[in-house]
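Got a few labels on this one that you'd like to see backed up? Let's go through them one by one.

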Amino acid sequence: MRAGSLRFVVSALAVPILLYGVLVISPYAQSFYISLTDWNGLSPERTFIGLDNYVRLVRDDVFWISVWHNVIAVLVIPAATLALGLFFATMIHVGRYRARGGGRGVRGAAVYRIVYFFPHLLSIAVVGVLFSTVYDPTESGLLNGALGLVGIEPVNWLGSRDTAYPAMLAVIIWLSVGFYVILFTSAMSSIPADIFEAARLDGASRWQTFWRMTLPLIWDTVQVAGVYLGIHALDMFAIVNVMSAAGGSGGPDNATQVLGNYLYLTAFQNSEFGYATAIGVALLLLTLAFAAASLRLTRRERVEF
Amino acid sequence: MTHPTHALSRRTLLGIGAGLGALAGTGFLSGCATSSSTRDGASPSPRATGDPDNPLGVPADLPLEAVIFKGGYGDQYAIDAEAIYQQRFPQAEIQHTGGQELGKLLQPRFVSGDVPDVICNAGAGALMLAPLVENGQLMDLTPLLDAPADGGDGKTVRDTLLPGIVEQGSFGGVPYALNYTFTVHGLYYSSSLFEERGWTFPTTWAEMLDLCQEIKDSTDMAPWTYQGKNPGYILTPLVMMAIKAGGREVIEALDNLEPDSWTSEPMLESARAMYQLVERGFIMQGTSGLTHTQAQTYWANGRAVFIPCGSWLESELGDVTPDGFDMVIASPPSLTDDDALPQAAIRGMGNEAFIVPAQAENPYGGMELLRIMLSPTSSQNFTRQTQTLTSLADYDPQSAGTGLTSVRDALTASGDDTFYWRYGTWYSPLQTEAANATSALMTGEIDPDEWSRRCQAAADAVRNDDSIEKYGDQ
C-alpha cells in the first residue's frame, strides 16, 4: 500500500471511529459500570456494589414477566406483520394476475399503497392516545360500539389482563404493516415480469407462484424486515407507556409490563438508576441474542436473477 | 420581569437526552451521567434577621429561578407570587419555568449541581424526594418556618399552617418539603342528583350497599366507578375505611411496615366491603380499563353515582362538569357500628410539595417566594384560580363553588379526627404493588385474603430491604 493511500484510509476512518467510540462504545461501557452501582440518579455519588443488581434482577418476578412479554412481542409482531405485509403487497402487486393474464395490481393499487402508509406517519404517542379511545371499555367506545352492532357485549380491552397486551400488540402491527407493504411491493417490482409469465405458461397456480418464486426472490428483503421488526418489537416501550396509564404503569397489574417500561419506572418513578441500568443491560443482551439467532435461522441461499 | 421559558430549552434537550440515555441503557448522551461535577456547596446567604421586610436575609441582587409543575392548577399563581417578589427585590432577575414530568427535567440538573432555587415537585413523573433527602440535596426549611409570616400579624410561618403540614413534609423530623395545597380525599357525588332522587349519603357500609342496589335497580346509572388504570384512587377509600374502623393504630402499622399491617382485621374487613361492590356488580362496566380522565368524565356525565377522588377534582374537571351538577365530597361510610373514628373523619393532607435544593444559588430567595405564596393574599389568589385550599390555616377563600364549600364543611366536621398516612410517599414500591393488587381485587381476579397477602408481602419486602431508607418511627 502506498503511503498516500494509507494516509487517505486513516484520515477517512479516523472521524467515524472516533465518533463511534465517543457516542456508542463509551456510553455502553459507562452503562455496564453504572449497572454495578447503587446510583439513585440524583447526585454524583454512587457506591460500587458488584453484581447485586443482577442478583436482584434474577429474583425479580416483574422482570421475568417483562421478559416474557418482550419475547411474545418478538415472536408475534414480526410474524403477523410479515404475513399481513406479504399478503397485502402480493394483492397490490399481482392481485389481478389471473384475471387479466399479467402481473397487474388490483384496481386502485396506487391509492392502497398510500393509504397503507398513513399509520406509519403518526407518532406512537398519537397512535396510543387514539387507540385508547378506540379501545374505550364502555359501549360508547369505537370498537365496542362496532361489536355492539353485531350483538357482542362490550370488551374491557385495556382493563382486563387477558386482552390488554394483545390489544397493544395489535396496535403495533397495525402501525407497522403499511411500511412493509411498500417495502415488499417495491421488492416485487424488481422481479422481472417474464419470470412470472414463464411460470404462468407452465401452469403454476397463484399459490405456487408466491411460495416458489416471489418469496424466494425477495427473501433478502423479508429477512432484513424480520430482523428489524424483531428489534423494534423488543422496544414496545412507547406504546405501553402511553396506553397502560398516565405515567405508564404497565398495568393492569403488570399484564402489559415490558422491559423498556419497567426500566423507565425503575429509573424515574423509583429513582433506582443503577438497577434500571442493569435492566437496560439485560435488554441489550436480549437484543443481541435475538439478532444473532434470527440471522442464523434465516440464512438461506441467495437466488440470482 | 419574569421570563417564562416554556419552549424547548437547552436544558430540556439535555434532560431528554440523558433520560433517553438511561432508558436504552446505552444512549449516546449518557456521557453526562458519569461526568460528575459537584459545585462546591451552595452559597448560604448571611441570614440577616430583624429586618421585617426581609426576614430571611435574601441578597437583593441574586437572580431567582423557579421551576413549577404546570398541571391541573396551572402555574399562574406562582407567576403572580414572583411578581410580588420582583416588587420587593427589583434588582433580582427572575426566571420561571412551568412544566410537567419534572423528574426528567431536573434529574440531570441535580446530578450536575446546577439547580433552580425553588421547585414545585408535583404531578406524574415528579422527582422522588427520599433519595434527595438521603443525599443531603435539599435545604432544611426550618428558617422559613421560623420566619414571620407574610400578613400573619407577627405569627411565624409555622404557626399559620394547617396542623400536620410541617410533619408531612418532614423526613426524620427535618422539614425538607412544604406542601402548598391541602387536599381532602373521599367520595364525590352530585348533590343535585341526590336531592332529585331523594337519596341521602349513606353513613354505614350496609346503607351504602342498599343505596347501590337501589341505584342499580331503579336507574341506568352504575353505582360506582373509579380511575381504573390508576388503581391507587380506589385504594384510598379502602384504607380510609380501615383506619376509621381500627383507629390510628392502623396508620401506624401501615407507615411502620408492621408484619400484620395489611392483614389486620380492619384492613381485611375494608377489603371485603369493597369486594362486595365487585361481587354485586355495583361497579361501572369497563371501569378498570378507564384512565382517570375518562372515568371522571363519565362520572360527571351521570354514568356513575360515586367516584373516589381528592379535592382537586372540581378544578381538574373544570368545564366538563355540567351546570347544576353541584359536586360534593364526603368521607366513605363507616364499616361497623363501633368504628374507632366517627364517619365524618376524613383524610386531609398537604400536596404539591415545594422544595429548595441545597445547592441552589439563592436558597433563601426560594424560601422567600414560598413565604410570599403562603400569605393570605396569595392563598386567596390560588383558591380563586384553582378552587383548592392552600396549607394556610383560617384564611377566607372567598370565591368557593359547591365542591370547595363541601371540602371546607367536611374538614370542619372531621375536626381533630382528620388523618393522613405516609407509607405511599415514603415507599413507592409498596404503593405500586398495593395499587396493582387493588386493581386485581376490584376486577374480582383475587379475593380479599389474597389481596391482603400480596400487599403484606410487598410491605415485608420493603421492610427487609436494607437499601431502602426507613422513615417510620420504629
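Q: How confident is the predictor in chain A?
A: Chain A averages a pLDDT of 86, and 92% of the residues score at least 70; pLDDT is the predictor's confidence in each residue, from 0 to 100. This is a predicted model, where local features need pLDDT of at least 70, side-chain atom pairs count only at pLDDT 80 or more, and totals for chains, interfaces and linings use all residues. As for bookkeeping, residues are numbered from 1 along each chain as its sequence is written, chains are lettered from A and ligands numbered from 1 in the order in which they are written, and side-chain values use heavy atoms, leaving out hydrogens and water.

Q: Why is A:Q257 called buried?
A: Buried means under 20% relative accessible area, exposed over 50%, and partly exposed in between (1.4 Å probe, protein chains only). A:Q257 has 1% relative accessibility, so it counts as buried. You'll find A:Q257 in the loop between α12 (237-244) and α13 (259-269) of chain A.

Q: What makes the pair A:Q257 and A:N261 a polar contact?
A: A polar contact is a pair of N or O atoms within 3.5 Å; within protein, one must be able to donate a hydrogen and the other to accept it, and residues adjacent in sequence count only if both atoms are side-chain atoms. The side chains of A:Q257 and A:N261 make one at 2.9 Å. A:N261 lies in helix α13 of chain A and, with a relative accessible area of 0%, is buried as well.

Q: How do you know that α13(A) is largely enclosed by the rest of the structure?
A: Count the buried residues: 10 of the 11 in α13(A) are buried, so the helix is largely enclosed. Among them are A:G260, A:Y262 and A:F268.

Q: Why is A:L18 called exposed?
A: Its relative accessibility is 59%, so A:L18 counts as exposed. A:L18 sits in helix α1 (residues 3-34) of chain A.

Q: What makes B:E445 and A:R161 a salt bridge?
A: The term asks for a side-chain nitrogen of Lys or Arg within 4 Å of a carboxyl oxygen of Asp or Glu. For B:E445 and A:R161, the closest N and O atoms are 2.5 Å apart. This pair crosses between chains, from the loop between α20 (428-442) and α21 (448-464) of chain B to the loop between α7 (142-149) and α8 (164-189) of chain A.

Q: Why is B:E445 called partly exposed?
A: B:E445 has 37% relative accessibility, so it counts as partly exposed. A:R161, at 33%, counts as partly exposed too.

Q: Why are B:R463 and B:D460 separated by about one helical turn?
A: They are 3 residues apart in helix α21 of chain B, so about one helical turn separates them.

Terms used
Helices (H or I, at least four residues) and strands (E, at least two) are DSSP runs, numbered from the N terminus.
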